[in-house]
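Dear colleague,

Please read them with the model open beside you.

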Amino acid sequence: MSPDDPPLPIHAGLRARFRQAGEKIEWTPTAFSSDRPETASRRRATLREEEALVEEWGSATNGGLRVDSGPLGALVLMLAIDRRGLPTTLGASHAGRDPAFPAGSIVAVWGTGSPPSDDQPRFEDVVDLSRYALE
């Protein structure tokens with residue numbers, strides 16, 4: 001984030017804890033299925049014994065991020081928001097909608113476009129879920 005960006009509505013201490021946990025995440029490249037866009041990247045985040053699939057496309061100002069709907073996925077999304085600023089749109093897909101994310105997903109979009117979504121979670125809900133990934 002640049003100094004001109006509005007501050008995120010997260011307490012500074014919690015934001016620091018998110019960043020500390022983010023430094024401990026181990027990343028592994030993951031293969032794509034044929035139904036995903038070629039411009040996207042996919043990798044798996046691992047923190048302690050929890051894993052989350054992470055799919056990212058586009059640029060920091062006009063792109064998106066889809067994560068598993070668990071606490072680690074929410075933490076990865078919060079770290080992206082910390083770097084990129086608040087997303088234009090948040091969305092969520094229910095379990096079973098996307099074979100790549102069988103337990104469901106949370107999607108953030110920056111710039112133009114909107115996520116395919118069953119729900120629109122509140123930012124505060126993503127913050128609360130990501131707290132469960134902290135030690």
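Arg-84 counts as buried, since its relative accessibility is 15% (buried means under 20% relative accessible area, exposed over 50% and partly exposed in between, with a 1.4 Å probe and protein chains only). This is a predicted model, in which local features need pLDDT of at least 70 and side-chain atom pairs count only at pLDDT 80 or more, while totals for chains, interfaces and linings use all residues. Residues are numbered from 1 along each chain as its sequence is written, and side-chain values use heavy atoms, with hydrogens and water left out.

The side chain of Arg-84 forms a salt bridge with that of Glu-56, at 3.0 Å from N to O; the term stands for a side-chain nitrogen of Lys or Arg within 4 Å of a carboxyl oxygen of Asp or Glu. Because Glu-56 lies in strand 3 and Arg-84 in helix 2 (residues 71-84), the pair ties together parts that are 28 residues apart in sequence (helices, H or I, of at least four residues and strands, E, of at least two are DSSP runs, numbered from the N terminus). Glu-56 itself is partly exposed, with a relative accessible area of 21%.

By this rule there are nine salt bridges, and another of them joins Glu-55 to Arg-42, whose closest N and O atoms are 2.6 Å apart. Glu-55 lies in strand 3 and Arg-42 in strand 2 (residues 41-47), so this pair links parts that are 13 residues apart in sequence. Both Glu-55 and Arg-42 are buried, Glu-55 with a relative accessibility of 3%.

Best wishes
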